[in-house]
Amino acid sequence: MNWQYRSPAKPGGNLRCKGTGVMAEYELPDPVVQISDVQELAPDLVVIPNRRVGLVPNIGFIGGTQAVLVVDTGMGPRNAQKVLDFATDYAAGRKLYLTTTHFHPEHAFGAQVFAGHATFLINQAQAHDLATKGPGYLEMFRGLGEPVARQLEGVELATPDLVYDDSYELDLGGRVVQLQATGRAHSNGDQVVKIPDAGVLFTGDLAETGQFAIFPWFPPHDTDVSGVRWIQVLQHLAAQRPQVVVPGHGDVGGPQLLTHVSDYLELLRDETWIRRDSTMSQETIVEEVRALMITRHPDWAAPEWIASGVGCFCSEHAA
Ligand SMILES: [Zn+2]
């Protein structure tokens, strides 16, 4: 398959970034996980922040008396090895578990390194994504430039050791972590990780801070992302009132982080659908909505995802 990491419509002249919509032209940095600035969110619960580097996720480590759960691997085996080394030190003899928030390369394409060291546990829908869409994403991401391709060298898509359907309670010893499949939103197989005793929620890419929401809308290859479902999932998560939210990318925040993202998605939906009701071409819709969103959020990175968000919402608009 000749996948391209491309927005459904080419950006117009008012885009701040130079480029044609192909991600590789946005000068992607080397997606290196750096074990630094480790943040302690609660006792025995730390995050290696992504330092706002593109294609690097926030990575979590949650400990109990018996075991430690790692959330997300970083992209490729070399990043994941650093994460495993940190996890092994952190666990200090405790058993290791690995889970990934969804199958996208910077979150899950390092899981192979954990084989034999950790029990890899994910939801069924994500396991299906990884097996069926993983190879296409590997090829697509290798086209994102030399630094990304280098990190993806040697990737072999891992098979989970344990798979659950809707939710799973993982007992780490004196601390129970809840893994919950959310249903289709940012991808078909998103899951969140909740640590009730600490009020912490790991959202994966259901939330990002400091940037426009990532819409992996790549018709005809991948049209799983649903803006409509995504809004519902965020509202549902916000109603559970977590105290600390760890987004897939960007700074850790409070519960308002979820509302900020759902407010943005609702605005994107409304502005897209208003124009969709007229006879406006999709290209014009994209241009107008992009300009509006950039005006609303002038400090947010990754405006290339606005166009794919518009494309997704156009497809979800009732005919
Ligand atoms: Zn993602």
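**Close-up views of a predicted model**

**View A. The packing of helix H6 against helix H7.** In this predicted model, the axes of helix H6 (residues 256-276) and helix H7 (residues 282-296) come within 10 Å and cross at roughly 150 degrees. Angles over 145 degrees count as roughly antiparallel, and H6 and H7 are therefore described as roughly antiparallel to each other. Their crossing is right-handed.

**View B. The residues that join H6 and H7.** On the H6 side, the contact is made by Leu268, Glu271, Thr272, Arg275 and Arg276. These meet Ile285, Glu288, Val289, Leu292 and Met293 of H7. Sorted by class, this contact of H6 with H7 contains five nonpolar residues, one polar residue and four charged residues.

**View C. The open sheet of seven strands.** The strands are arranged in the order S1-S2-S3-S4-S5-S6-S7, and their pairing is mixed. Strand S1 (39-42) and strand S7 (162-164) stand at the edges with a single partner strand each, so one side of each has no neighbour in the sheet. From one strand to the next, the twist averages 25 degrees.

**View D. The pairing of strands S6 and S7.** Strand S6 (residues 119-123) pairs with S7 in the parallel sense, over three bridges. Here Leu121 stands opposite Leu162 in S7.

**View E. Helices H1 and H3 on the sheet.** Helix H1 (residues 76-91) packs on the sheet and touches strand S3 (59-63), strand S4 (67-71) and strand S5 (95-99). The direction of H1 makes about 155 degrees with that of S4. Helix H3 (residues 124-142) lies across S6 and S7, and runs at about 105 degrees to S6.

Key: Residues are numbered from 1 along each chain as its sequence is written. This is a predicted model: local features need pLDDT of at least 70, side-chain atom pairs count only at pLDDT 80 or more; totals for chains, interfaces and linings use all residues. Axes are lines fitted to C-alpha atoms, for helices over the stretch in contact, and angles run from 0 to 180 degrees between N-to-C directions. Helices (H or I, at least four residues) and strands (E, at least two) are DSSP runs, numbered from the N terminus. Angles under 35 degrees count as roughly parallel, over 145 as roughly antiparallel, 65 to 115 as roughly perpendicular and the rest as oblique. A crossing is left-handed if the near helix is turned anticlockwise from the far one by less than a right angle, and right-handed if clockwise. Two residues are in contact if their C-beta atoms, placed from the backbone, lie within 7 Å. Ala, Val, Leu, Ile, Met, Phe, Trp, Tyr, Cys and Pro count as nonpolar, Asp, Glu, Lys and Arg as charged, and the others, Gly among them, as polar. Two strands pair if DSSP finds at least two bridges between them.
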